Amino acid sequence: MTELQIVWVGVCTTLVFFMQAGFAFLEAGAARAKNSVNVLMKNYMDMCLGGIIFWGLGYGLMFGSNVTGWIGSNQFFPQQFSAAEAIKMAYQIMFAATAATIVSGAVAERMHFGAYLVFSGLVTGIVYPVYGSWTWNANGWLAKMGFVDFAGSTVVHSVGGWCALAAIMVLGPRLGRYSRQGEVRDIPGHSLPFVGLGGFILWLGWFGFNGGSINSFAEHNLGVVLLNTHLGGCAGGLGALAFMAARKEPVLMSATVNGSVAGLVSITAGAAYLSPLAAILVGFVGGILYVFGVRLLDKQRLDDVVGAVSAHGFGGVWGTLAVALFPQGPFSFSALWVQVLGVVVAFLWAFPVAFGLFKVLDKVLGVKASSLHEQRGLDYTEHYEVAYPEFQKRLDADA
Amino acid sequence: MTELQIVWVGVCTTLVFFMQAGFAFLEAGAARAKNSVNVLMKNYMDMCLGGIIFWGLGYGLMFGSNVTGWIGSNQFFPQQFSAAEAIKMAYQIMFAATAATIVSGAVAERMHFGAYLVFSGLVTGIVYPVYGSWTWNANGWLAKMGFVDFAGSTVVHSVGGWCALAAIMVLGPRLGRYSRQGEVRDIPGHSLPFVGLGGFILWLGWFGFNGGSINSFAEHNLGVVLLNTHLGGCAGGLGALAFMAARKEPVLMSATVNGSVAGLVSITAGAAYLSPLAAILVGFVGGILYVFGVRLLDKQRLDDVVGAVSAHGFGGVWGTLAVALFPQGPFSFSALWVQVLGVVVAFLWAFPVAFGLFKVLDKVLGVKASSLHEQRGLDYTEHYEVAYPEFQKRLDADA
Amino acid sequence: MTELQIVWVGVCTTLVFFMQAGFAFLEAGAARAKNSVNVLMKNYMDMCLGGIIFWGLGYGLMFGSNVTGWIGSNQFFPQQFSAAEAIKMAYQIMFAATAATIVSGAVAERMHFGAYLVFSGLVTGIVYPVYGSWTWNANGWLAKMGFVDFAGSTVVHSVGGWCALAAIMVLGPRLGRYSRQGEVRDIPGHSLPFVGLGGFILWLGWFGFNGGSINSFAEHNLGVVLLNTHLGGCAGGLGALAFMAARKEPVLMSATVNGSVAGLVSITAGAAYLSPLAAILVGFVGGILYVFGVRLLDKQRLDDVVGAVSAHGFGGVWGTLAVALFPQGPFSFSALWVQVLGVVVAFLWAFPVAFGLFKVLDKVLGVKASSLHEQRGLDYTEHYEVAYPEFQKRLDADA
């Protein structure tokens, strides 16, 4: 790595770090005021806990010497670094935190804080890096088969999405979310501006997420990566908007922002390879998929507060397949097949493992807050702090 | 372009991108809660829509082959890029979105969302790039005359400001803003902290806006550009504050933040050329001009919710003239004359064209929300979402 | 300086700039709504005023020719810069603003705005740069003795912390903070999400604060600096959390965020020298120290609204000593002694000088708002603007 690359990855490290704030505000805004401290704390602690766990354990599993192709086996708790190793460690720590934090929004408003922290640590330390060792470790078995995922549509986002799916299946929906007749009751978040802030910050961070994933300035065109990332996000927002407008439904800001996130997820696997036109198409479909996916899950009574499974899980699948569907050279069925394989393997690894871990956690610690606590709000019951003491006191008095 | 320049412009691309969030929060905070989702959506969609339009259309008009000096004529919907071309495209997309989004704050709280999107697209796709082709295209007729606008006091900010002026003239003021006797009634925004957040983010982004506009590290002194940018912003805030204090008026935070924005606008044209002392003077006067300009417009019953015309339009004029007023070499009347010409031409192009387009939009789509909708708030009537459901429900119940 | 270094310091300049927004929101969130505009304005003006004062006066005192080792004596109001000088000036301006703004949170909710601005200017222009000239000027007497403070645990943070301590001692506590029996009454801030936002932004900026302090890419390992910074922040949050949990107390988000800030302060002096394991230990202890220090001050009836003295003052001391306690080579008592000396000298300089200046300000201008104004809230009494007009009107009507 040249000094210039180290500086660039350093910049991108800070940008990906800031995505944690993006998730925190996107999710806190989508939660009710009474649960917003809980959401913020989960994101903050994902970062604190995840940073140390991935440094000590996850990095070695993912990038350590990988003889079998199935798992890294050294570089745990590393103390000495070359310049290139150190910056890679810092950058990858931020990626791992991103994968883990995808779960926090899905399970918002009803999960115990302590159990969440344990689950988040397991995702960062085991679920994410093991799949990563198959795909982003040079000796990984999927990598060797030619699986391509530039910056992690599958490796980071789908894996996080499937962990979130497992979690909400075990956890069950929030009180009052679904009626006995199967109707979905809308539970609006407490601050749309925070949803918007989260969207802007995530988008900002994504330039580092995709931009920092280039191998070298000669191998990849950095400007194209940034341009495609942006166009994918733009098209994702437009796709969600157009889908709602075409169905004569209200054009919701929350769905538009999440549509752009889905667009960004979708463009992540191919940001360095696609043409701008393909990037727009990929992002646009990603945005539509988001709105569609949220409804599909709601039909199954799967309550995902921010639509994380849809944006990251489904968007990630689509983006990963799109790399083979819009190839730089001639279309190849075998390339598409490897992409399909990678996508399916991600699900087959992350979903059952996360499901099992979550079940065990439920037995050992209990994952779901009591109905009484859920009604009162987790901020009070788990943290003894409320988000807006002056304003909430008044609401409570009125209630 | 060297790899280092590409990296630096890449960094600046992300910073200028984030200015969109700055505008969004500066404006949303200055609007009432009932219109804040609408404001955020406008800024978000400026970015989504503008990104694709400028990539497909605006960039070619602005930077394409310009034989006549009056318009670019190729590079539309580009698919292939060299490293330098790609990063320039990404960077310039962010600039175009900035120009368009200046309008959103001025027209807040009373304009239809759909009509706004069309207008924003026309600014990004036509009004902004055409003037840009005269000044920032190497073959532009104003460029060839020696017009100097380093990072766009006129090219971006004044053009955006004049579009905003045209829009608010056609649109008319908010209900209750001016009494029959010509008194100005204060309509406070709903969140001063958001105004502050917007100011901080805009300032942050401005380092990329000005810093990324250097031609090379040899030709311009990057440190001086960043330093002048900062000092201009500092002095703008102080200028607004000092002006209010000198008149024994309340020293408003909203005006101080916008004063610093006006200072940043003012220093944009000459950030690479001025001495630090001149940068302070230019910013200081810019900040005073802002407060003064807002009052001037209010006397004309021109209702600009955030003072965008004043900050960007007037500030841009002053900053562009300042390049010739504080020259690096001896003062030259002909240089000043070219600056005056560029400033006047910007107005003569942007204002009537925007005015005409807005009038046509009014005929075809209708631009102004009904009084009933304005009273109810655009968030509910245009988006079916409110910003703070829990808190606003209570306010409504009390009202 | 190479062009690459200039670009990197340019990036870091923007990151450290943004820390001002981090402080603003951390502090505004920790204040009641009725004082939040005042807090934001203080931070905004620290930046505006401090930028110009440090350019004109402070920089020369700190980095000018230093014959005696006790004070810089030239480079005041500089107009001409080499590329390296200009970027250093821009970067150092942001550092100075950071030192000054540490005070603003401690004195929140009860201090006159005008007097604050004068004090802030004196910290930026005199208190901070004089100590800086002893340590970061190549000829400074402490520098020559071998005092090591990589990015300013003592030079920036402790000095700011001791100024804050002096200020709150003169100022006295907020109304109702301490009962006659010595009980501490909790005065919760108005927005926990803003506290979280501030924490995220500060952490982001810290990568520039520590990262930009490397001398060259050959001398320091940038990746290690960023990694240690992150691990220190992670461990600080965990330390505060673990300390509260171990005492069976509520695990407060406000304390956790401030614990991570204390961890970041602690790792600042040694970010380039420590091993990752040492960084974690240093941050962890810093986080514990924060919670502990806040209680210690409260026992003395010293009312520090955000715990700035604890996070920056105590955290800075610990971090500076840690450089010698976890040495790269063999442990040396003389190295530890020099670190102790630097820490003690920082206190002996900053505390009495700040105390004296504050006392003089109190005589001349008066520093404390009247009880009536304190009850009404400084936003109304000092700025004639409130943070959330629509929501606060309702609270007032109810009160």
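**Notebook: core, B–C contact, axis**

I started with the largest nonpolar core, which has 489 residues, and Ala167(A), Ala167(B) and Ala167(C) have the most contacts inside it. Core here means buried Ala, Val, Leu, Ile, Met, Phe, Trp, Tyr and Cys joined through C-beta atoms within 7 Å; buried means 20 or more other C-beta atoms within 10 Å of a residue's own, with C-beta atoms placed from the backbone.

This is a predicted model, with local features needing pLDDT of at least 70, side-chain atom pairs counting only at pLDDT 80 or more, and totals for chains, interfaces and linings using all residues. Residues run from 1 along each chain as its sequence is written, and chains are lettered from A and ligands numbered from 1 in the order in which they are written.

I looked up Ala167(B) next: leaving out residues up to four places away in sequence, Ala167(B) touches Val103(B), Ala106(B), Val107(B), Phe119(B), Ala354(B) and Phe358(B). Contact means C-beta atoms, placed from the backbone, within 7 Å.

Then I turned to chains B and C: 47 residues of chain B contact 43 of chain C. On the chain B side, α8(B) gives the most, with eleven residues (helices are DSSP runs of H or I, at least four residues, numbered from the N terminus). I sorted that side into 32 nonpolar, 13 polar and two charged residues, with Pro counted as nonpolar, Asp, Glu, Lys and Arg as charged, and Gly as polar.

Last, the symmetry. A 120° rotation with 0.0 Å of shift along its axis puts chain A on chain B, RMSD 0.0 Å, by least squares on C-alpha atoms of residues with pLDDT of at least 70 in both. That is the relation of a three-fold axis. In chain A, Leu4(A) comes closest to the rotation axis, at 4.0 Å (C-alpha).

Terms used. Buried ≥ 20, exposed ≤ 12 C-beta atoms within 10 Å, placed from the backbone. Contact = placed C-beta atoms within 7 Å. Helix = DSSP H or I, 4+ residues; strand = E, 2+ residues; numbered from the N terminus.
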